[in-house]
Amino acid sequence: MTHKEFMAFIWPSLLAMALFIAVPIVSVAYQSMFVEHEQIMIETETCGPFGCTPEVAVDQDAMRKVREDSPAGRFNGLDTYTNSSHLATDEITEIVATSENFGEIRDRIMNLPFYKALIFTLSYTFIVTPLVIVFGFIIAVVVNSIPSFLKGPVIFFSLLPMIVTPLVGSLVLFWMIDSRGVVGAFLQYLFADPSLSLKASPTLTWVTLFVYGVWHSAPFAFVVFYAGLQTVPSDTLESSMVDGANRWEQIRFVVMPYLLPLATFVALMQLMDNFRIFEPIIGFSASASATSLSYLIYTDLREAETPLFGSAAATSMLTIIGVIILLLPVLFRNAREFNRKA
Amino acid sequence: MKFKLTTALVACGLAMSTTAALADCGIEGGSVRILSNDFEALHVIADAAKTCANDSVEVTSNATTEHKNIQVPALTTNPASYTVPIVATNSIVPLLNEDLIRPLDAYVEKWGQQLLPQQLIKVDGKVMAIAFMANAQHLFYRKDILEEHGIAVPGTYAELIEASKMLKDKGVMEYPLAANFKPGWNLAAEFVNTYLGTGGDFFKAGSAELDIDNANGMKTLETLKAMTNYMSPDYVTYDTNGVKPIWEANELAFATSWGSRASAYIGDDSPAPEIAKATALAAMPALMDGGVPSAALWWDGFTIAKNISDEDAEASFRAMMKGISPQVIAENQELAVWLVDGYAPTPAADGVVANLQGKARPYPMVPYMGLLHTALGDNVIEYLQGSESAEQALDDITAAYNTAAKEAGFLN
């Protein structure tokens, strides 16, 4: 294919990508460098059903002019990135200077909102992703070996967790793990501990979220691996059997190497997805013990009456950077393999 | 039983006129587009306003719990997507900050004869909203359980905690108490309630500088923590809707929740009729003997958008006058604590009325209160769960608030 033909084929996609991916990201990056104008306040009296109180209010006439002059807000450079709600550079410098030992430094940094969210986000990503790949692969191998008349129903049920909307799925499980719910009550009975609550303990909340994540995403890995299994060359498998390979050796030395590129693909998708974990935190009402970067963006935009666009934009950019860092090793590996084949 | 509101609230006593309302409200033309939260009392108002619709007057309404998030963008367009945003003490603030609603003085003078002076929300001398209902959190208690164990209705937190301890020690209930302690908006509202009970203010007078890192802040945190000792550890997930089924499951003796939910707790149509019958309402406990109920008072009211034609604005005001007319309220007394002329409180209003009589304080209507609310919502829970000290919690709140207030332009 000539370059000209290639461009003719690709330009609609390039245009769509520029419009729907590049432009929004650039606008978010731009937004993250601005904060609201300094508010001009006036002292007023506010009266209502419960009496009058002296309050302050924003001086509308004065603000209107300021806003018209520069609608984007006040330029703040990268200060939003370094403030105490994000990278907290000043706070960390101070913590390192005033703490006595490493443990104290760690505890105090983990108390900063961004790092608290980051540590959960990373734990979730690095625990759930490998488990999803492992479980997905196991399910695929098992389903592939059951009699064909059972395959249809089994595949359908295996896919259910992925079909259910994340929010609905997490809400269903949330009620099941309630101390009055099926799972919660059974665990209390099992451990003979009536005060056991999956919702209250931070550790158990983390575990619950990890389990949910694996439950929800394993079907995705299963579908991919199952499709891959249908294409494993039967002559290679047969020759390995002739060489005396048992079932495990067939999987280990024929199937696994063959499916490795698929595993890379699943890993890529899962790293991206899991780094953006959000819905389960809402569904499980888990914000007491677990917050993620996406959850921080949500609170900036939705919890306050006045959304903090700059702060949300900065967290979004940091999330994008995080995803890129996570994906780099996998992408490098892929590129190397590609070059080797070429 | 007779219920008397404080004179400051309802002049009352007017005989209800039962004359049939005019079908067309006398509006010549225009479009009325209502945006409101989604609960029964507001549906009633919107439905009444819709009776003003005719060939030349269009009345539509959108009742959604997302109202707070869409109101600013919806009113920023010209013409605005909605003419009547129905707001509360907190959600009017962004509309004021962004200059999106118009003063109503002229309309009140011309069309607002039915309004009581207390219904007018004035900012800087101008009427910016018309309040029609009051709301606050208050105490729900089980009178059967209290009578059986000889417990008086708690008037202070110390009494509430003592009573809870007694019920727990006697083995009556493992966790007799519940409150909306879910981190985020709910937990922050509890902090605000309790802090108001201390008599302290959140900000240094006339500035956006936070003033809670003091004895009042400590006392508030300690009180909240003392309550958690008698609450199920699941309290970290409790919001308004989460507590109700537990109450109905006969597992609680005390709960604090919203007045607007009271009629659902004590109504005949409750899924647990015996428990509904045994449920009674009282003022929020005070922090100390003789103190005010530690509850923030809220109002709900309507405003009129700025970016609409004068014809639409007038039609909107007059349709809303129909919506909150004394006749409409008289037919729906039990749905809310109305601030409208002629309202006689029903049993479901006991708690909020008791708060009002106890001179509870209003939720602060300052432009930066929302930022503090968010900071409180994110930073109190670790102290309650025991993973950090009260001092650290107050420091974290202050840091989060200062960062947000700087970004919003309220602090330097």
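Predicted model: local features only at pLDDT ≥ 70, side-chain atom pairs only at ≥ 80, totals over all residues.
B:L35 has B:P85 as its bridge partner in β3(B). Residues are numbered from 1 along each chain as its sequence is written, while chains are lettered from A and ligands numbered from 1 in the order in which they are written.

Stay with the strands of chain B. Helices (H or I, at least four residues) and strands (E, at least two) are DSSP runs, numbered from the N terminus. Two strands pair if DSSP finds at least two bridges between them. β1(B) and β3(B) run parallel, joined by two bridges. β3(B) and β10(B) run antiparallel, with three bridges between them. There, B:V87 stands opposite B:G301 in β10(B).

Is β3(B) mostly covered or mostly open? Four of its five residues are buried, so to speak of it as mostly covered is a matter of definition. A residue is buried if 20 or more other C-beta atoms lie within 10 Å of its own, exposed if 12 or fewer, and partly exposed in between; C-beta atoms are placed from the backbone.

Now turn to helix α1 of chain B, residues 40-50. Its buried residues are B:A41, B:L42, B:I45, B:A46, B:A48 and B:A49. Seen down the axis of α1(B), they fall within an arc of 160°, so they line one face of the helix. The arc is that of the directions from the helix axis to the C-beta atoms. An α-helix has 3.6 residues a turn, so residues three or four places apart point the same way. The buried residues of α1(B) pack against several elements of chain B, including β1 (30-36), β3 (84-88) and α12 (310-323).

Step back to the domains of chain B. Their bounds come from an automatic or database domain assignment. Domain 1 is 30-135 + 297-357, and domain 2 is 137-294 + 368-407. The C-alpha centres of these two domains of chain B lie 29 Å apart. How many residues of domain 1 of chain B are in contact with domain 2 of chain B? The count is 15, and they meet 15 residues of domain 2 of chain B. Two residues are in contact if their C-beta atoms, placed from the backbone, lie within 7 Å. Helix α14 (residues 350-357) of chain B gives the most to the domain 1 side, with five residues. By class, that side has nine nonpolar, four polar and two charged residues. Ala, Val, Leu, Ile, Met, Phe, Trp, Tyr, Cys and Pro count as nonpolar, Asp, Glu, Lys and Arg as charged, and the others, Gly among them, as polar.

Next comes the contact between the chains. It takes 51 residues from chain B and 41 residues from chain A. α17(B) gives the most to the chain B side, with six residues. That side has 26 nonpolar, 15 polar and ten charged residues. Strands cross the boundary too: β2 (residues 41-48) of chain A pairs with β4(B) in the antiparallel sense, over two bridges. A:T46 stands opposite B:V123 in β4(B).
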